[in-house]
Amino acid sequence: MPKSKPSSLVSLQGVSFAYGRQLVLDSVSLEIQPGDFLAMLGPNGSGKTTLLKIILHLLEADQGRVLIQGCPVDAFRDWGQIGYVPQKAGQVDPYFPASVAETVSMAVRRPANGRRRRGAFERQEVDRALRLVGLEGMTHRLIGRLSGGQQQRVFIARALVNRPSLLLLDEPTTGVDAETQEHFYDMLAGFNRQEGITIVLVTHDIGVVDKHVSRVACLNQRLTYHGSHKEFCRSEAFREMISGGRHLVSHRH
Amino acid sequence: MAALLSYGFLQRALAAGLFIGAVCALLGVFLVLKKDAMLGHGLSHITFAAVALALALNVLPLAVALLVAVAAAMGLSWLRTRAGLHGDTAIGIFSSAGLALGVFLASLTRVNSTALLHYLFGEILAIEPVEVWLAAGLALLVGLVVLSSYRSLLYLTFDAESARASGIKTRRLDTLLTVLAAVTVVLGTKVVGILLVSAMMVIPAAAGLQIARSFKQALGLSVLASLLSVTAGILAAFLFDWPASATIVLVAFLWFGLSLAWKQSRRG
């Protein structure tokens, strides 16, 4: 398997993408290093979710290269290393008959070495993931009957069940109240510091930058800023974002 | 009861009915939750066209129907995943075209209408031993697929995008599910008929889903509702000289009504 820049967990090199004729990403290059807690900021339609989907190989870049742990994304196989939390809280079918434990266990993957995991071990990992998000007492509850915040925790537990090295979250606090959001960001910061998990958080919430993240990437078709959160607070990109003087791109994704 | 079960044709009817009923319910839970409940309906109309064609050509109807339904299932999957058609639109197109083609062929070639009626309404009390074995083989195959790919199927059903992001080959799995549904519809035509086979993919699953507290329970309760419907339907049809396929579906509808009432009473 070809390797390059093994120090980067994810490497995006000149990535462009368009929905039909609507250009969404224009030559975006970004390196995500192990241990980063990266907030990806940008207005609606700026290409944040599209970029996440390209990293996950849900979408194919029109131009450029995407490497995960040095491996081209189309040849990458160890998807258990990457946890994905979609923007789904509160959107779960309330009548879907999956318990919390079943929702977490559906993501359990056979490791890259191909060895089958035993049932008892899987249950242990599901319990561990639920403990990490503070839902250990809710194993048998139906996912559709939980609040939006609780559902989001279940999805994070599902993303953590394979002990990933990278966690990608797409606007995870949408529809969640302010207090729950605060707990949520604290929890993510804990995963980053204590478990060593690299986190990429797509968000509109500029407030998260100040307290929790170590790196910031600003996207608006192009990468307008990438650096530490301290420098970001003094940057032109930050002032533009605060003043709202930004160019909004309208498209569907 | 023991005397009833001593009849060979009744034994075959029950065996084939139970195998097909279990398979319909198992696949039905995934299809209903994926909002693909009408897939069986569309495939049954395509089966109608295939049977009309086979009768016109005087070749084995089930063999032709299997080939055509599996090809149509793959075409349906392609239309939905690659051509960007919404699931119910693709099913609607195939369903209408299948029915129109069936009527066209039956009318143009003047096929034996009695033979066609047997396929439309089922002929469970005339099941051949080979059809029992085919139903058993299908039940074994579907059981193995569900057991070996249980988590992936559940993930695909719950959230297809996240399932794909986790490395699951969702398109392949979706096509497999559609092809298995096509084979089930074809083999189920002898049990409940082309017109009612899709009901067995929807109603028992819908009944189980009303009261299930987990996904495994939903599968178990749906299969149970289906097996009880088939058994009660066949026995009642034999004892009271009722049409078997309609009785099976009506019993399944009764289970659905009871499970819905039970759910509502627990809420109230």
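Biologist: Which way do E6(A) and strand E7 of chain A pair, parallel or antiparallel?
Modeller: The two pair in the parallel sense, over four bridges, with E7 covering residues 166-170 of chain A. Keep in mind that this is a predicted model.

Biologist: And which residue in E7(A) is the bridge partner of A:Ile82?
Modeller: A:Leu166.

Biologist: Are the residues of E6 in chain A buried or exposed?
Modeller: Buried, on both faces. A:Ile82 and A:Tyr84 lie on one side of the strand, and A:Gly83 and A:Val85 on the other. In general, side chains in a regular strand alternate between the two faces of the sheet.

Biologist: What is the order of the strands in that sheet?
Modeller: The order is E6-E7-E8-E3-E9-E10 in chain A, an open sheet of six strands with mixed pairing. E6 and strand E10 (222-228) of chain A each have a single partner strand, so one side of each has no neighbour in the sheet. On average, neighbouring strands here are turned by 15° against each other, direction ignored.

Biologist: How do E3 and E9 of chain A pair?
Modeller: Strand E3 (residues 37-41) and strand E9 (residues 215-220) of chain A are parallel, with four bridges. A:Leu38 stands opposite A:Arg215 in E9(A).

Biologist: Which strands does helix H4 of chain A lie across?
Modeller: H4 (residues 148-160) lies across E6 and E7 of chain A, at about 165° to E6(A). Helix H5 (residues 178-194) of chain A also packs on the sheet, where H5 touches E3, E7 and strand E8 (198-202) of chain A. The direction of H5 makes about 150° with that of E8(A).

Biologist: Other sheet now. Which strands of chain A form the open sheet of four?
Modeller: E2-E1-E4-E5, in that order, with antiparallel pairing. The edge strands are E2 (22-32) and E5 (71-72) of chain A. Between E1 (residues 10-19) and E4 (residues 63-68) of chain A there are five bridges, and A:Gln13 has A:Arg65 as its bridge partner in E4(A).

Biologist: Switching to the chains. How many residues of chain A are in contact with chain B?
Modeller: 19 residues of chain A, against 19 of chain B. The chain A side divides into 13 nonpolar, two polar and four charged residues.

Biologist: Which residues touch the most other members of the largest nonpolar core?
Modeller: A:Leu201, B:Leu27 and B:Ala69, in a core of 174 residues. Helix H1 (residues 8-33) of chain B gives the most to this core, 17 residues. Among the residues that B:Leu27 touches are B:Val142, B:Leu177 and B:Met201.

Note on methods: Residues are numbered from 1 along each chain as its sequence is written. Chains are lettered from A and ligands numbered from 1 in the order in which they are written. This is a predicted model: local features need pLDDT of at least 70, side-chain atom pairs count only at pLDDT 80 or more; totals for chains, interfaces and linings use all residues. Two residues are in contact if their C-beta atoms, placed from the backbone, lie within 7 Å. Ala, Val, Leu, Ile, Met, Phe, Trp, Tyr, Cys and Pro count as nonpolar, Asp, Glu, Lys and Arg as charged, and the others, Gly among them, as polar. A residue is buried if 20 or more other C-beta atoms lie within 10 Å of its own, exposed if 12 or fewer, and partly exposed in between; C-beta atoms are placed from the backbone. Two strands pair if DSSP finds at least two bridges between them. A nonpolar core is a set of buried Ala, Val, Leu, Ile, Met, Phe, Trp, Tyr and Cys residues joined through C-beta atoms within 7 Å. Axes are lines fitted to C-alpha atoms, for helices over the stretch in contact, and angles run from 0 to 180 degrees between N-to-C directions. Lists of a residue's contacts leave out its neighbours within four places in sequence.
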